[in-house]
Amino acid sequence: MHGAIAGEIIGSAFTQLPIKTTEFELLGSNSCMNDDSVLTVATAYALITNGDFSAAYRKWGKIYANAGYSPAFLRWLFLESSDPYETVGNSSANRVSPVAWAFDSMDEVLSQAARSAQVTHSHPEGIKGAQAVAASIFLA
């Protein structure tokens, strides 16, 4: 979880202006947290409280409403009746790291990773991406 958040903050400075070098300021003035960091914390919050990923994503998403979410997520966030959206985006994989630490078996990790993804990402590839990342972290 810490690595995912640190990686996103470090990489945030280069989202709009990619570089191809290993020589760069680790935490520069353009480095900031954004949507995936917020939702990673929300995933951990859901696991620590009652496991309701949808409620946690809505709570933390609204607290940090300007974190750079996709238009599809913003619609889901602010339209309480919104269903998951059909996307193969990687956000469900970017926020899943806490799941790998919260459970003691691969079956539980895969099941909870799918649950964490399904509230927003209804496309099977979005769910598989979250499961793949969670499984990799669990095995590491």
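F14 touches I19, F24 and E25 when residues up to four places away in sequence are not counted, contact being defined as heavy atoms within 4.5 Å. The structure is a predicted model, in which local features need pLDDT of at least 70 and side-chain atom pairs count only at pLDDT 80 or more, whereas totals for chains, interfaces and linings use all residues. Residues are numbered from 1 along each chain as its sequence is written, and side-chain values use heavy atoms, with hydrogens and water left out.

F14 is found in the loop between α1 and α2, where helices (H or I, at least four residues) are DSSP runs numbered from the N terminus. With a relative accessible area of 22%, F14 is partly exposed; buried denotes under 20% relative accessible area, exposed over 50%, and partly exposed the range in between (1.4 Å probe, protein chains only). The C-alpha atoms of F14 and E108 are separated by 35 Å, the two residues being 94 apart along the chain.

I19 and F24 also belong, with L26 and L27, to a nonpolar surface patch that has about 370 Å² of accessible area together. Patches are made of residues with over 30% relative accessible area and no salt bridge, nonpolar side chains (Val, Leu, Ile, Met, Phe, Trp, Tyr) being joined within 5 Å and like charges within 9 Å. A salt bridge is a side-chain nitrogen of Lys or Arg within 4 Å of a carboxyl oxygen of Asp or Glu, and accessible areas come from the Shrake-Rupley method with a 1.4 Å probe, only the protein chains shown counting as cover for residues. L26 lies in the loop between α1 (2-12) and α2 (35-48) and is exposed, with a relative accessible area of 51%.

In helix α2, S37 counts as buried at 3% relative accessibility. Contacts of S37 comprise I5, E8 and I9, again not counting residues up to four places away in sequence.

Helix α8 (residues 124-139) has 16 residues and reaches 22 Å from its first C-alpha to its last, close to the 22 Å expected at 1.5 Å a residue, the expected span being 1.5 Å times one less than the number of residues. Its buried residues are G126, I127, A130, A134 and A135. Seen down the axis of α8, these buried residues fall within an arc of 165°, so they line one face of the helix; the arc is that of the directions from the helix axis to the C-beta atoms. Their cover includes α5 (91-94), α6 (97-102) and α7 (106-118).

In α7, the buried residues are V109, Q112, A113, A114, S116 and A117, and they pack against α3 (53-63), α5, α6 and α8.

Notes:
Helix = DSSP H or I, 4+ residues; strand = E, 2+ residues; numbered from the N terminus.
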